[in-house]
Amino acid sequence: MEMVKLIINGKEVEVPSGTTILEAAEQMGINIPRLCYMKGLSSAGACRLCVVEVKGARALVASCATAVTPGMEVQTHSPDVMEARRTILELLIANHTPDCLTCEKMGECKLAEYCYEYGVKESSFKGEKHNYPIETSNPFIVRDMNKCILCGKCVRVCDEITGQNVMGFAYRGFNCKPAPFYDDELVESNCVFCGQCVAVCPTGALTEKQMQKKGRRWELERVKTTCPFCGTGCNFDLLVKDNQIVGVASNPTSVVNGYALCVKGRFGWDFVHNEKRIKTPLIKKDGQFVPASWDEALDLIAARFKEIKEKYGPDSFAALSSARCTNEENFLVQKFTRAVMGTNNVDHCART
Amino acid sequence: MKNLDQIRQKYVEQYRRKLGKDRIVVGLGTCGIAAGGNKVLQAIKEEVASRGLDVEIDFTSCIGMCYCEPVVEIALAGAPSVIYGNIIPDKVAKLIESHIVNKTPVYEWAAIQIPGEAAPYEGISVMEKFPYYEKQVRSVTSRLGRTNPESIVDYIATGGYEGIEKALQTDKQAIIDEIKKSGLRGRGGGGFPTGTKWQFVYDAQDDKKYAVCNADEGDPGAFMDRSVLEGDPHSVLEGMMIAGYAIGADEGYIYCRAEYPLAIRRLNLAIAQAEEHGLLGDNILDSGFSFRIKIKAGAGAFVCGEETALLNSIEGERGMPRVRPPFPANKGLWQKPTVLNNVETYANVPFIIRYGGDWYAKMGTETSKGSKVFCLTGKVNNTGLMEVPMGITLRDIIFSIGGGIQGGKEFKAVQSGGPSGGCIPAEHLDTPIDYDSLTALGAIMGSGGLVVMDETTCMVDVAKFFLNFTQNESCGKCTPCREGTKRMLEILQRICEGEGELEDLDTLERLCKVIKNSALCGLGQTCPNPIATTLKYFRSEYEAHIIDKRCPAGVCTALKVYTILEDKCTGCGACARNCPTGAITGAKKEPHVIDTEKCIKCGTCIPKCKFDAITTA
């Protein structure tokens, strides 16, 4: 691989060609703030918070979108850069609902994190603020566009990861905002509620409806698990407070799915604590379901299967397996059907 | 390879036959049509028919003198062409009676004459000596107002498509070298050397390349590209063909704003004519070079004039700029190497190829070669289109060509480069204009719009106007432009309403610096220029608004204080009788007074006063 030598903050560094300034700085342990950048998504260069000074350049450049070149001299925290970052943060909070005390994203909000880091307590810009109604018309996502900083990650993740392309930018200038077609509500769009947009939103603009008032972000314990819904085997973190699941968060270290989840994985966890959930096998006795032990239930099944096979022959039996089972479980179903029941009548709901 | 010799010979004869007849030509650019040119043409047709005259009736585009549209040209066979200004249908009968029937021009309506080889008329200014044209050169605009823009006969007869013919017999690198030698720089505003840009695309290795023309002219007060497209569409096509051949592209797009329907119509016509003549399409003139041009109409976003937003728009995406690098020369339209030039740049190319880079480089300054088309508008006597050599001074443009300030008022500033440009004050009027001198003044060359302002213009109000424009047109992608222009506009609005504070000026300066330094695209990076330059050259006006709560030019309504000058007031009572709120009182023949509590600043009283006794400053 071709290597490129450059100087960042006076220190020489060597990185593979094609590396961005932001990535090169990261390798040296220099943290450059970013709101619109996310690994795995295309770089928009939109928030401008990651700007750095490159010697000889006409203006500051977006480090997230600029590849390193040989001999490049970069300053990541020069006075001009710091002034630009502080001003940009001030501009962002000038048009942002200041309800951090009750904001669901508090503790995970990137805007708050950078304002803290750069000492931006308040904005010197007074003027119009957006006053959009908060969208709560769907069961999964709360959209508060008054907190949107237009990083555009929701637009890109929907296009580039989910492939659903629900979101785009509407209007111009100050009134520009990400929105589904016709600036309609999500329920009216072809949104599949996978919630990728919520996972990547850096502020409280997009939050999980089920998590409202269920706990502050720092109180939640993350428990990595595998999704029980299908055989894909997506991993994610359960967000747990007081031994109760309150939500699901993407875990980018997941090998199978990365950030991506579907509506079931991200929002379909509420059955866990449902009181009506069946916790033991039930056997119907005198028209009533009665709780039974697993031994009792399995013995009954084995006896009845045997009976059917003997009376009507192996081909009277068929097995239909579920996409919710793992590969190993599916293997066992077909093995059981062929070897034990003696028939090839085996099928799977996900067969195409 | 085939050549155009035969067809050119035929068209030259045809063109000469047309010029050899008694002719009436009406200027039908958008400016002429807006001023009533079509009605004049209709009146001429009817008058000629009713008199049974054998006269060739033709039309052309804008000759540049927009201030006296509709323009009509009359030429008798073998006599000079006389160009009349301000011709309305009512004047047509007399014009034809005198000039065509009695062979005597109507001297009092004549603006200029173009004698050609004929002896000039006495008493009518010859074009080259006429103040409006004396300091102009006519190269890119040479056919404007002189040929029929919808006729490929006129184009070929006047040397059209000689450039592509010559180019197709030339080595590609040699063409690029010729463009480099000419010193041509992008006429859209950026001023990037055209030859260098072509070289990048030529060097880029790809099986598909594009030549794209930026015809999304959007600056307020700019209509250079429209005039060229409406007046000489074939020259733009020819320029694109030469570029396409040189860089190895086989497809071109013209991105033209939909607000230019006439330009789009004439372009479509020109493309169809060029295709019929085998000048566009497969295997052009049997040279093995194929090239097609498509037109994409823009949907009205100013930011689509920014090259990467333009490319997104052609691709069907929202017109939002992309991060650069990669530059379009490497990854342009559909990620393929793309040359992107504006209308005027392309229109220059056929001339450079025909006459050579050295010929072109003779004109202009050290760093900015050739000529530039400007549009002069605002408080100047002669508004219109002009082509001048680079290096001419603003004073020459405004006072010699433009004829000075309307109503003999004092010149205050000229705004160059539209919303991305800056306001240049009187002290810099003698600066020779080129890309670098204008940038040094805090303005930009831009595409060539010049808006002249006089003493009655409030510079804070001007800055507010442009910021309102950029805020509305900001695509919203990057924070500094989207949020910053909004806050700058709000500050300017507060200052104009008398609610500004001195700290606001520091805030404006900080925002100007940060936005210029950190915005994503050219639109964002240059949008603070109107504020930065007015703050630099007219700071006292800002301070007057803030400290004295006074608008020196008397423009900002909230700061107007209507007062009656005692020494001028005769006590006639005309103002009091017309005041809708009864704010003016006074005894007969005694100076009147205005009660500022009751005054709603409607301004009704001012034109009613015959003695100029009411002031607002």
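Which residue follows α8(A), and is its phi positive or negative? The residue is Gly342(A), whose phi is positive, near 75 degrees.

This is a predicted model, in which local features need pLDDT of at least 70 and side-chain atom pairs count only at pLDDT 80 or more, while totals for chains, interfaces and linings use all residues. Residues are numbered from 1 along each chain as its sequence is written, and chains are lettered from A and ligands numbered from 1 in the order in which they are written.

Helices (H or I, at least four residues) and strands (E, at least two) are DSSP runs, numbered from the N terminus. Because the expected span of a helix is 1.5 Å times one less than its number of residues, the 15 residues of α8(A) (327-341) should span 21 Å, which agrees with the 20 Å between its end C-alpha atoms.

Where chains A and B meet, 30 residues of chain A and 27 residues of chain B take part, a contact being two residues whose C-beta atoms, placed from the backbone, lie within 7 Å. On the side of chain A, α2 (79-94) and β7 (167-170) are the elements that give two or more residues, and α2(A) gives the largest share, eight residues.

Chain B is divided into five domains, with bounds from an automatic or database domain assignment. The centres of domain 2 (160-361) and domain 3 (371-454) of chain B, taken over C-alpha atoms, are 27 Å apart. Their contact takes 16 residues from domain 2 and 17 residues from domain 3, and helix α10 (224-231) of chain B gives the largest share of the domain 2 side, three residues.
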